[in-house]
Structure formats: C-alpha cells, structure tokens
Amino acid sequence: MVYDLVLKKGTVVEPHQVSICDIAVKDGVIVEIAPSIDMEDVQVVDLEGKFVLPGAIDVHVHFNEPGNVEWEGIETGTKMLAAGGVTMYFDMPLNSDPPTINVPSLQLKEKLSKEKSVVDYKFWGGLVPDNIGELEALAEKGVIGFKAFISNSGFEPFSSVDNQSLLIGMKEIRRLDKILALHAESDEMTSFLQAEKIADRKLTPKDYCESRPIAAEVEAVVRALSYAEITGCALHFVHISSPEAVQIIHEARGRGLDVTLETCAHYLLFNDEAFEEHGVFAKCAPPLRPPSVQNELVALLVEGKIDFITSDHSPCSPHLKDLSKLNFFEAWGGISGGQYTLLAMLKVAKEKDLPITKVAELTALGPAERFGITQKGRIANGYDADFAVVEEVPFVVTKGNMMAKHKQSIYAGYEFPHSIVATYCRGKKVF
Ligand SMILES: [Zn+2]
C-alpha cells in the first residue's frame, strides 16, 4: 500500500497511551501507527515536539444558517472550528430559521453544509410542542438526536416544551432509540424572577444572574430525570453550570438512568467577575456563576463527573449586543467561543495536572462514544485521520486571530498556554 500522508515524530495521544511515533494515512483513514514509518513518494509532515490529539468533536454549536447567516454561518463557523482543532460538530436546531424541526428544514441545512463546511458534521433535530409527528422522519433522515428547551429558548420560532409535550416527546424519542438533549432551567422560576427584576428596573448583569439561579437549573434537571425514569428516554444535559446539577445527574446514572452531561469551556475558565471586563459578551444562559462555583465545577471535572466539554458557540450580530439600545435582559445571550474548547481543556489539564489523554477523552472520545460516532474520537488504526496538532507555545486571542464572523467575545485578550498549529480532517489539512 502506498500511503497519502505520513505524520512523523509527533507526540501521539492515543486513548490509553502517549508516545512519540509516526502515523500513516490512506484515503482519509489511519492505516498505520508505528515508531517509524519510512516510505518514498509520500507527503511527510514533521511534527517533532508537537502533540497530535484526535480532532475534537463539539456537539453543541449554533451556526444559525439558514436564516441568520449574518450571526455566523457555516463557512465562517467551520473555519473557526478547524482553527480550534475541531473536526466534527453537531449543529443545534436553532437559531437557524427555519429551525430544524421537520425534514425540509433538515434537508436545507444539509445541502448548505455540504457546500460550505470544511469539517464533518451532524445535526440535532428540534423537539417543540407541535412536532412530535415529525420526529420519526427526522430520525430516519439521520439526526443525531433531539434538542428541547425547558426554559424559554430566547428565539421565537423555537418554542420551549411544556411538561405534557416533553413527556410525549421523550416517550417517542425512546421508541426511536435516540437521545434527548435538554436545556434545563425552570421557565416558571426564570420568567418569574426576570419579570420582577424588570418591573423594579433592576437591569445589571448581577440582576440577570440572580434571575437564573442554580435552583432553576436543579429543579429542571430533577424534573427531567424523573420523566426519564418513567419514559426510559436517554438524556443528555447541555451546558450544565452548577456542581449541584452535576452531582444529581451523576447519582441518577448510578441508579441506572441513561444520562450524560456536558459543561462548556466558559463555565470552567470564567466566572461572574468577567462582566466587569466583558460586559454583555459574558452573557449566556445559564449565567456565569461566582468564583467558588466555578472552582467546584472544575473540581468535579477533575473527579471525572463531567462527560465532555462543548463550546455552545452562540454568536449574534453586534446590534443584538448593543447596550446603548437594549437593556442587559434584552441583549442576546450567547458566548462566541467555538475556537477555544480544546485550548480551554488543555489549560485546565495543565493547571490541574490531568494527563493529556483526559483532554482527548473530554473533547473527542467521550462525545464519539455517547453519540455512536464509530469512525471518530480516537487515534487508532481504521479511524478517520482527524488530528489536532498542538504545541506548548502561548496563544493570545486577538481580533486578528479570532475566526468567528464577529470579533466580539469573552475570549478577547485571553491567553492560553498552548496553540493549535494544524488541523486535519480525514487526512486533509483544514487549518
Ligand atoms: Zn446552545
């Protein structure tokens, strides 16, 4: 066999070992991993002194195309992910418009992604109160799972589920053998608290955070877990922000429920003090928590109680963050950070002395195993040649190297200890 590409002398991160070796690629697939691979007439890339990690899988991004391409779009969004070492993403059913809640909207998104994406992808279908009858067809057309909001989604074309439709939807998703991803915050509690704040003209970032307390996340998680118990539906909790919710989900898994959770890089790297410097660019839901909560969340990650890390990349046009025209509650909530998930995990791992294999597990293997992506998630023979090449040279985020469409992010000015130097997706250099 004549190989297409040989990566030489990289420090290769396999699931249970790290070693300096060569990797050979043929037709986009890893075909040999060995201490030394020598062959004539093959493209050779010298990676001495650099780590070779499996391409990251980000299961939670919002590219907003079609419909809101001025917020991000597939082309800029996927180039941004490639610059962050990500080789596969799962796009959320919103804030594309139409949202992905039936087959025509899925097919439209598929067509656009095929034309524009520089990395691989899957799509979430949406579960909304009036589309239960669409779920089977969406599953047949290949959605990775379904996403629903217990709280208000903030995006009018995508309704949150009431308890009745959540139960019916979960029963159907169980029948279809899919996973339901949930944004878990109590709508009753957050709506009530938000209305009180706005009535009292209490409109600061602190007021916003107080309107979405940890209790609202915990209540929604507990409710969804009890629904999972009676329907048998597999659950994945997105962007969990509190140690309380992590513990409850972990205990539920201990009793045999099929449930996982992600947290996002921004809950690990930032806390509510970030509003001082970054203002509305630090707004997300659930909100950033106090430093003590952030530290506890990182400790739970170190303990192994968090399944994987995502970006929840959710950017918007600058005018939707304009506080001269909007109050803090009205401004769009969403962090632009899809480029930094792997860098964030490398930083946490360095600070907490976690092995680099753990970084690969939290950014690639964990998501691949949870969602049945059998050809990705690890560097091994027969798997896709998806690599993030990393070196331990500091990387400072600037407007110049920020690849998202809009250069406004909580990550502006942030320094990471590592840099992504190249990304390969099925053997092709995409960054
Ligand atoms: Zn999201």
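Reader: What should I know before I start?

Author: The model is predicted, so local features need pLDDT of at least 70, side-chain atom pairs count only at pLDDT 80 or more, and totals for chains, interfaces and linings use all residues. Residues are numbered from 1 along each chain as its sequence is written, and side-chain values use heavy atoms, with hydrogens and water left out.

Reader: Which domains does the chain have?

Author: Domain bounds come from an automatic or database domain assignment. Here the assignment gives domain 1 (5–51 + 382–402 + 416–429) and domain 2 (55–370). Their centres, taken over C-alpha atoms, are 29 Å apart. Contact means heavy atoms within 4.5 Å. Domain 1 puts 26 residues into the contact, and domain 2 puts in 23 residues.

Reader: How do I read a nonpolar core?

Author: It is a set of buried Ala, Val, Leu, Ile, Met, Phe, Trp, Tyr and Cys residues joined through side-chain atoms within 4.5 Å. Buried means under 20% relative accessible area, exposed over 50%, partly exposed in between (1.4 Å probe, protein chains only). The largest core has 88 residues. Leu180, Leu235, Phe237, Tyr411 and Phe416 have the most contacts inside it. Helix H12 (residues 341–352) gives the largest share, 7 residues. Domain 1 and domain 2 each supply at least three residues to this core. A second, separate core has 21 residues, including Val128 and Phe308.

Reader: What does Leu180 touch?

Author: Set aside neighbours within four places in sequence. Leu180 then contacts residues including Leu127, Phe146, Met170, Ile173 and Leu235.

Reader: Is Thr87 buried or exposed?

Author: Thr87 counts as buried because its relative accessibility is 0%. Thr87 sits in strand S7 (residues 86–91). Helices (H or I, at least four residues) and strands (E, at least two) are DSSP runs, numbered from the N terminus. Beyond neighbours within four places in sequence, Thr87 contacts Gly55, Val119, Asp386 and Tyr424, among others.

Reader: How do I read helix packing?

Author: Axes are lines fitted to C-alpha atoms, for helices over the stretch in contact, and angles run from 0 to 180 degrees between N-to-C directions. Under 35 degrees is roughly parallel, over 145 roughly antiparallel, 65 to 115 roughly perpendicular, and the rest oblique. H1 (residues 74–83) and H2 (residues 103–116) have axes that come within 9 Å and cross at roughly 55 degrees. So H1 is oblique to H2. Ile74, Glu75 and Thr78 of H1 meet Leu112, Ser113 and Lys116 of H2.

Reader: What about H5 and H7?

Author: H5 (residues 187–199) and H7 (residues 214–231) pack at about 160 degrees, axes 8 Å apart. H5 is therefore roughly antiparallel to H7.
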